[in-house]
Amino acid sequence: MPRRIPWIIKYRPKKIADVVNQDSAKKQFIQWLESWLKGKPSKKAALLYGPAGCGKTSLVEAAANEYGLEIVEMNASDFRRRQDIERIAKTAAFMRSLFARGKIILLDEVDGISGTADRGAIDAILHLLEITRYPVVMTANNPWDQKLKPLRDASLMIAFKRLSERDVIIVLKRICQLEKLECEDAALREIARRSEGDLRSAINDLQAIAEGFGRVTLNWVRELSAYRTREYAPFEALQKMFNARYIFQAKSAISQANIDYETMMIWINEHIPTYYDDPEEIWRAYEALSRADVYMGRIRKSGSWDLLSYVFDMMGPGVAFARKIYRYKWKAFRSPKRLQLLAQTKRSREVREGIAMTLAPRLLTSRATIKRDVIPFLKIIFTHAPKYAAKIALGYGLTEEMIKWLAGPKSSEVLAYYRRLKR
Ligand SMILES: Nc1ncnc2c1ncn2[C@@H]1O[C@H](COP(=O)(O)OP(=O)(O)OP(=O)(O)O)[C@@H](O)[C@H]1O
C-alpha cells in the first residue's frame with residue numbers, strides 16, 4: 001500500500017492568511033504574540049478556545065512558521081506526567097542562546113485536565129507561566145470548567161468561531177483542485193453539512209471518499225455516512241473487513257466493532273489464517289497487524305492517542321488489502337481460543353488478584369511481588385500444613401473463596417480449621 005499522508009497534515013495552513021475566517025482571533029493572537037516578541041507581553045499565556053477543527057492549532061502553527069518560531073508541544077494526556085511538565089518548564093526557563101530559535105510552548109487540549117481531578121497539573125502549568133521566557137499558548141474546546149478558572153485568569157482569552165458550511169466548502173474545493181479530483185458540488189455541500197463546522201472531520205471524509213472511489217459524488221458521501229452509523233459484532237466486523245472492496249470500508253468495519261481495539265487485534269490475529277490460505281497473503285497480513293501492534297505499544301508508552309488512526313489503518317485496510325486479488329469469501333469467525341481461555345480463567349485470575357490486593361498493604365510490598373513471590377509459598381503451606389494455613393487465612397483476612405483457591409484439594413481441611421478458629 002502506498003504511504004498515505006493525511007490531508008489534514010498535507011493541507012495544514014502554512015501562513016496566517018491560509019487560516020480561513022477567524023479574523024478577530026487572528027488579530028488578537030498576532031498582537032499578543034508581537035507583544036511577546038517585543039519583550040512586553042500583556043499576558044504570559046493565551047488560551048484559544050472554540051469548537052473542534054476550527055483552526056486553533058492551525059493558527060499557532062501558521063504563526064510559528066511566519067515568525068520563524070519553534071513549537072514545543074504537549075497535549076493533555078502528558079499533563080498528568082509531572083516529569084514532562086518539568087521538561088517543558090526547563091525549556092521555558094532557560095535563557096535564549098545566541099543561535100537558538102524563539103519558541104512557542106503549545107499546551108493542546110487543556111480542557112482534558114478538568115476531568116482528571118488533577119490539581120497538580122493546573123499548578124504545574126501556573127508554575128510554568130511564572131517562569132517562562134517564551135509565549136505559552138493553550139487550546140481548549142470548552143474552557144469553562146470551574147477547575148480551569150486559574151488558567152483563564154492567567155491568560156488572554158481568544159475565542160474562535162464555529163466555521164460555516166461556506167468556509168468548509170472553500171477549503172474542500174481548494175483541496176479538490178490541488179488533488180485534481182472530480183468533485184460534485186452537492187457532495188461537498190453534504191460533507192460540509194455533516195461536519196457541523198469541524199474542518200478536520202470534513203477533510204478526513206473527503207480523503208476517505210477520494211481514496212475509496214476516485215471521485216467525490218453525493219452517492220458516495222451518503223454511502224460513507226451509512227457505514228458510520230452502525231456498530232458490528234466482532235465476527236460481523238471481520239466479515240466486512242476481510243471482504244471490503246474499499247479502504248474506508250475496511251477501516252470503518254474495524255473502528256465500529258463493538259469491542260475494544262486490543263480485543264479486536266486478538267480476533268484478527270487468530271483469523272488471518274482462517275481467511276487467507278496463500279502463504280504470501282498470510283505473511284503480508286501479519287506484517288500489517290504487527291505494525292498496528294507497534295503503534296499500540298507507542299500509544300501505551302507515550303499516550304499519543306493521535307496514533308490510533310494508524311492502528312486502525314493497519315488492522316483494517318492493512319490486513320484486508322494483503323490479498324493479491326479481490327474475491328468474496330464467507331468464513332465463520334469464531335471467538336478466539338485465547339479469549340475463551342481468558343473467560344474460563346477469569347474468576348480464578350480475579351481471586352488471585354484479590355489475594356494480592358489483600359496482602360500487599362499488610363506485607364508492605366507490591367501486588368506484583370505478592371503474585372510472583374508470595375502466592376507460590378502460600379500454595380505450598382495451604383496444601384501441606386492445613387492448621388497453619390487456617391491461622392494465616394484468619395490473620396490476613398482471606399475469604400473462604402481465597403482459601404479454596406490456595407488450598408485446592410486440601411480446601412475442606414483448611415476450611416474446617418479456619419471455621420473452628422473463627423468461632
Ligand atoms: N480555519 C481554518 N482554516 C484552514 N484550515 C483549517 C481551519 N480550521 C481547521 N483547518 C484544517 O483542519 C485541521 C484541524 O484543524 P486544527 O487542528 O487547527 O483544529 P483545532 O481548532 O485546533 O481543533 P481541536 O480543538 O479539535 O484540536 C487542520 O489541519 C487544517 O487542515
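Analyst: Here is a short tour, starting with where the values come from. This is a predicted model, where local features need pLDDT of at least 70, side-chain atom pairs count only at pLDDT 80 or more, and totals for chains, interfaces and linings use all residues. Residues are numbered from 1 along each chain as its sequence is written, and side-chain values use heavy atoms, with hydrogens and water left out.

User: Salt bridges to begin with. How many are there, and by what rule?

Analyst: The count comes to 19 salt bridges. The rule asks for a side-chain nitrogen of Lys or Arg within 4 Å of a carboxyl oxygen of Asp or Glu. In general, side chains of opposite charge can pair when their charged atoms come close.

User: Which residue does Arg193 meet in a salt bridge?

Analyst: Glu190, with N to O at 3.0 Å. Arg193 and Glu190 are three residues apart in helix H9 (residues 185–195), so about one helical turn separates them. Helices here are DSSP runs (H or I, at least four residues), strands are runs of E with at least two, and both are numbered from the N terminus.

User: Is that pair buried or exposed?

Analyst: The two partners fall in separate classes. Arg193 counts as partly exposed at 46% relative accessibility, while Glu190 counts as buried at 11%. Buried means under 20% relative accessible area, exposed means over 50%, and partly exposed is in between (1.4 Å probe, protein chains only).

User: OK, and what does Glu353 pair with?

Analyst: Glu353 meets Lys371 in a salt bridge, 2.8 Å from N to O. That pair links distant parts of the chain, with Glu353 in helix H18 (residues 346–363) and Lys371 in helix H19 (residues 367–384), 18 residues apart. Glu353 is partly exposed at 26%, and Lys371 is partly exposed too, at 22%.

User: Switching to the surface. Which residues gather in the patch of positive charge?

Analyst: Lys387, Lys391, Arg420 and Arg423 do. Lys and Arg count as positive, Asp and Glu as negative, and His and the chain ends are not counted. Each charge is placed at NZ of Lys, CZ of Arg, CG of Asp or CD of Glu. Patch members have over 30% relative accessible area and no salt bridge, with like charges joined within 9 Å and nonpolar side chains (Val, Leu, Ile, Met, Phe, Trp, Tyr) within 5 Å.

User: Where is Lys387 found?

Analyst: In helix H20 (residues 386–396). Lys387 is exposed, with a relative accessible area of 56%.

User: And what makes the nonpolar surface patch?

Analyst: Tyr326, Tyr328 and Trp330 make one of about 390 Å². Areas come from the Shrake-Rupley method with a 1.4 Å probe, and for residues only the protein chains shown count as cover. Tyr326 is in the loop between helix H16 (308–320) and helix H17 (337–344) and counts as partly exposed at 32%.

User: Now the backbone. What's up with phi of Lys180?

Analyst: Phi of Lys180 is near 50°, a positive value in a residue other than glycine. Lys180 lies in the loop between helix H8 (165–178) and strand S6 (182–183), and is exposed at 76%. Leu364 also has a positive phi, near 55°; this residue sits in the loop between H18 and H19 and is exposed, with a relative accessible area of 76%.

User: Last topic: what does UniProt list for "binding site"?

Analyst: The UniProt record lists Gly50, Pro51, Ala52, Gly53, Cys54, Gly55, Lys56 and Thr57. UniProt positions follow the numbering used here, feature names are shortened, and annotations may be inferred rather than shown by experiment. Of these, Gly55 sits in the loop between strand S1 (45–49) and helix H3 (56–67) and counts as buried at 13%.

User: How far is Leu47 from Lys324?

Analyst: They are 51 Å apart in space, C-alpha to C-alpha, and 277 residues apart in sequence. Leu47 is in strand S1 and is buried, with a relative accessible area of 1%.
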